[in-house]
Amino acid sequence: MNRKVKPIDNIYLLLAFGMMALLFYSSSMGYEDQNVQPLLHQWLEGEPLRGLLERVEFMYAGSEVSIASQGYIGFIEFFIRKGAHFVSYFLLGLFWFLGLRNRVAQPWLTFLVALLLSVGYASFDELRQAFHPNRTALMEDVMLDTAGALVGVAIALLAKPKGRRRQKLRFRS
């Protein structure tokens, strides 16, 4: 069931490798280089939605995440950082799947390979962070990255490409 490999398939693979390079660069930076709190102080000066968000609290990697424990700006920054994890690996999984779908015979195998490549890279990236003096490696981040990749790969699997839409059967009378 191999289909013809198209130039767009190569572009998707380049996007996957580009995403990996961006993630590598980003995780090589220290926290202080990625700190968006000064910008958030400007944008969220009046602390909008504070009353609603004060009720939210949970544990992540053994630490409490709440406005009480991190302050309003720290709380918002937590969601920005974790959202970036999810979206980055969503895109990585999506690009891997789209780049491999015409190279691998079975869609379920394409799904598995794309997911394993994404999760493997997430694991490698967190392991690298363990050796960076200003970074923390967290298994919870690998799980979040895996969730993002899983959603990206699943959407790619379930979406029908334009050229492969099912034709309606027409009966002659």
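Helix α6 and helix α7 (residues 139-158) pack with their axes 9 Å apart and at an angle of about 155°; the axes are lines fitted to C-alpha atoms, for helices over the stretch in contact, and angles run from 0 to 180 degrees between N-to-C directions. The two helices, α6 and α7, are therefore roughly antiparallel to each other; angles over 145 degrees count as roughly antiparallel, those under 35 as roughly parallel, those from 65 to 115 as roughly perpendicular and the rest as oblique. The model is predicted: local features need pLDDT of at least 70 and side-chain atom pairs count only at pLDDT 80 or more, whereas totals for chains, interfaces and linings use all residues. Residues are numbered from 1 along each chain as its sequence is written, and side-chain values use heavy atoms, with hydrogens and water left out.

**Helices α6 and α7**

- The crossing of α6 and α7 is right-handed; a crossing is right-handed if the near helix is turned clockwise from the far one by less than a right angle, and left-handed if anticlockwise.
- Residues of α6 that meet α7 include Pro 107, Phe 111, Ala 114 and Glu 126, while those of α7 include Asp 141, Val 142, Ala 149 and Leu 157; contact means heavy atoms within 4.5 Å.
- By class, the contact of α6 with α7 has 12 nonpolar, three polar and three charged residues. Ala, Val, Leu, Ile, Met, Phe, Trp, Tyr, Cys and Pro count as nonpolar, Asp, Glu, Lys and Arg as charged, and the others, Gly among them, as polar.

**Helices α5 and α6**

- The axes of α5 (residues 67-100) and α6 come within 9 Å and cross at roughly 140°. Helices α5 and α6 are therefore oblique to each other.
- The crossing of α5 and α6 is right-handed. Among the residues in contact are His 85, Tyr 89 and Trp 96 of α5, together with Thr 110, Leu 117 and Tyr 121 of α6.
- The contact of α5 with α6 holds 12 nonpolar, four polar and two charged residues.

**Helices α1 and α6**

- Helix α1 (residues 7-28) and helix α6 (residues 107-130) have axes that come within 10 Å and cross at roughly 20°. That makes α1 roughly parallel to α6.
- This crossing of α1 and α6 is right-handed. The contact is made by Met 20, Leu 23, Phe 24, Ser 27 and Ser 28 of α1 and by Tyr 121, Phe 124, Asp 125, Arg 128 and Gln 129 of α6.
- Five nonpolar, three polar and two charged residues form the contact of α1 with α6.

**Strands β1 and β2**

- Strand β1 (residues 57-60) and strand β2 (residues 63-66) run antiparallel and are joined by four bridges; two strands pair if DSSP finds at least two bridges between them.
- Helices (H or I, at least four residues) and strands (E, at least two) are DSSP runs, numbered from the N terminus.
- Glu 57 stands opposite Ser 66 in β2, and Tyr 60 has Ser 63 of β2 as its bridge partner.
- The hairpin of β1 and β2 has two residues between the strands, and Ala 61 takes a positive phi near 55° there.

**Record annotations**

- An unreviewed UniProt entry lists "domain: VanZ-like" for residues 13-159; UniProt positions are given in the numbering used here, feature names are shortened, and annotations may be inferred rather than shown by experiment. Over residues 13-159 the chain is 74% helix and 5% strand.
- The UniProt annotation "transmembrane region" (unreviewed entry) covers residues 12-31, 79-98, 105-122 and 142-159.
- Residues 12-31 are 90% helix and 0% strand, with end C-alpha atoms 30 Å apart. Residues 79-98 are 100% helix and 0% strand, with end C-alpha atoms 28 Å apart.
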